[in-house]
Amino acid sequence: KAALLQKQNKAYNDFCEDNGLKRLQDRLHVSGWNRSQASAASAAARKKQNTRKEARASEIFTVIPPPKGDAIQPRRVYNELGKSKIGKETLDFIKNNSVPVEINYTSEYEPGVRGTTYGGAIYVSAQVTKSVKTTAKTIIHETAHLQFSTEVNSQHEEAYCFAQEAKHDKAQLTYSDLRNIIKQVKQLYPELKW
């Protein structure tokens, strides 16, 4: 109801502005509706919206074991990905392709490895990522691997994935950014061919 009221108020304000009319405050209020009731309705709407976001995020991300306290939670990862264009594209790819994403506190990967893809699924080590932002960037990186879809991993593929990940912080990468990514990849993966 709060969202509907905001939409109607905006339509009324836009109409008045477009037609050079003075806004009449009595047309923006509901009789018998006071600040206390409005505040309670807004709080209930926010709570319902957060519950829906939590359910949506939990459908996409599985956290093992389930988060407690200030842990990496599905809704927080979902919200972090929603902050950038590449993050939103990653969420769309995951949803449209039903890609399972597991964020695991218990599994140990190779030292320093934040995540991996296997069998069309994404696995993230929360012990290594340690923050919501790094977890989101790792999911972007691993999704880029799925999109790149080659049988053999290469330095070129890794550079592409690191570039996609970097776009979460900086939408437009410079030539210098790309050179630094390539240099980093060559140091991290000397065993791979370009």
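Student: In which sense do β3 and β4 pair, and over how many bridges?
Tutor: β3 and β4 pair in the antiparallel sense, over four bridges. Please keep in mind that the model is predicted. Within this pairing, Tyr118 has Ala121 of β4 as its bridge partner.

Student: How many residues lie between β3 and β4 in the hairpin?
Tutor: The hairpin of β3 and β4 has two residues between its strands. In the turn, Gly119 has a positive phi of about 60 degrees.

Student: With which strand does β2 pair in the parallel sense?
Tutor: Strand β2, residues 101–104, pairs in the parallel sense with strand β4, residues 121–125. Four bridges join β2 and β4, and Ile122 in β4 is the bridge partner of Val101.

Student: What is the order of the strands in the sheet?
Tutor: First, the general idea. In a regular strand, side chains alternate between the two faces of the sheet. Now the present case: the sheet is open, has four strands in the order β1-β2-β4-β3, and shows mixed pairing. β1 (61–64) and β3 (115–118) are its edge strands, each pairing on one side only. From one strand to the next, the twist averages 20 degrees.

Student: Which strands does helix α6 lie across?
Tutor: Helix α6, residues 132–148, lies across β1, β2, β3 and β4. Relative to β4, helix α6 runs at about 150 degrees.

Student: Which residues have the most contacts inside the largest nonpolar core?
Tutor: The largest nonpolar core has 22 residues, and those with the most contacts inside it are Phe61, Val77, Leu81, Val101, Ile103 and Ile139. At least two residues of this core come from each of α2 (35–60), β1, α3 (74–81), α4 (85–96), β2, β4 and α6. Apart from this core lies another, of six residues, including Ala159, Phe162, Ala163 and Leu173.

Student: Which residues does Val101 touch, not counting those up to four places away in sequence?
Tutor: On that count, Val101 touches Ile60, Phe61, Thr62, Ile94, Ile122 and Ile139.

Student: Let us turn to Ala166. Is Ala166 buried or partly exposed?
Tutor: Ala166 is partly exposed, because its relative accessibility is 23% and buried means under 20%. Ala166 has its place in helix α7, residues 155–166. Leaving aside neighbours within four places in sequence, Ala166 is in contact with Leu173 and Ile181. Ala166 and Ile181 are 15 residues apart in sequence, while their C-alpha atoms are 9.0 Å apart in space.

Student: Why does Cys161 count as buried?
Tutor: Cys161 counts as buried because its relative accessibility is 0%. Cys16 is also buried, with a relative accessible area of 3%.

Student: How many disulfides does a search of the whole structure find?
Tutor: In general terms, a disulfide is a covalent bond between the sulfur atoms of two cysteines. In this structure, the search finds zero disulfides.

Note on methods
Residues numbered from 1 in each chain as written. Predicted model: local features only at pLDDT ≥ 70, side-chain atom pairs only at ≥ 80, totals over all residues. Heavy atoms only, no water. Disulfide = S-S within 2.5 Å. Buried < 20%, exposed > 50% of the residue type's maximum accessible area, 1.4 Å probe, protein only. Pairing = 2+ DSSP bridges. Axes fitted to C-alpha atoms, helices over the stretch in contact; angles between N-to-C directions. Contact = heavy atoms within 4.5 Å. Core = buried A, V, L, I, M, F, W, Y, C linked by side-chain atoms within 4.5 Å.
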